[in-house]
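Biologist: Hi! Could you walk me through this model?
Modeller: Happy to, here it comes.

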Amino acid sequence: MSLEAFSDEALLALAARGEEAALQQLFRRYAGAFLGLARRMGLDSASQEDVVQEAFSKVWQNARTFDPRRASARAWLLAIAHHTAVDHIRRLEARPKPLEAEEEEAKAFDLPGAGLDEEGHLNRIRLKQALAQLPEEEREVIEVLFYQGYAHQEAALKLGVPLGTLKTRARRALARLKGVLREA
């Protein structure tokens, strides 16, 4: 049965009953609009696609909450896309920005920043020396997790290692750092 002639409201009612074909039809109708909304909000292409996928996941999960007396189906769907894009932007902004390569060398560890005392400067030097003693794979994990601000699962994807391996390397690296810093 073709659902092309069904209204958006009818498709949402079918999706609320678990009809995947209804969600697919809504996707065909609104994926472009969701993508355009995410693009206008300044997201890159990968983030735009993430927003579309996450928004349709929310549509699927919340279709039963749609009330045609409160809003049109189009307005309801676009509101979900908008809220999803805003949430995505907030998550991106909350993540610490990675240091530039030259800044990391010149500023992150060696030079005291504004308001830092000599002890803080020395601690950064000690930390840089301790990090240099870690094996490359462990240092990489620490940099991605703590200096670039990735969550464990994101870091595992970025480094191309299983999540368990990443967590093991992080634990091992932190234990080594603790030992090295105690000795210093």
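Biologist: Are Phe34 and Phe56 buried or exposed?
Modeller: Phe34 is buried, and Phe56 is buried too. Buried means under 20% relative accessible area, exposed means over 50%, and partly exposed is in between, with a 1.4 Å probe and protein chains only. This is a predicted model, where local features need pLDDT of at least 70, side-chain atom pairs count only at pLDDT 80 or more, and totals for chains, interfaces and linings use all residues. Residues are numbered from 1 along each chain as its sequence is written, and side-chain values use heavy atoms, leaving out hydrogens and water.

Biologist: Thanks! How many aromatic pairs are there?
Modeller: The count comes to 4 aromatic pairs. Rings of Phe, Tyr and Trp (its six-membered ring) pair if their centres lie within 6.5 Å; planes under 30 degrees apart are stacked, over 60 edge-to-face, and the rest tilted.

Biologist: Why is the pair of Phe34 and Phe56 called stacked?
Modeller: Their ring centres are 4.6 Å apart and their planes sit at 25°, so the pair counts as stacked.

Biologist: And which residues form the cluster?
Modeller: Ring pairs join Phe27, Tyr30, Phe34 and Phe56.

Biologist: New topic: at what angle do H3 and H4 cross?
Modeller: The axes of helix H3 (residues 45–62) and helix H4 (residues 73–94) cross at roughly 130° and come within 9 Å. Axes are lines fitted to C-alpha atoms, for helices over the stretch in contact, and angles run from 0 to 180 degrees between N-to-C directions. Helices (H or I, at least four residues) are DSSP runs, numbered from the N terminus.

Conventions
Helix = DSSP H or I, 4+ residues; strand = E, 2+ residues; numbered from the N terminus.
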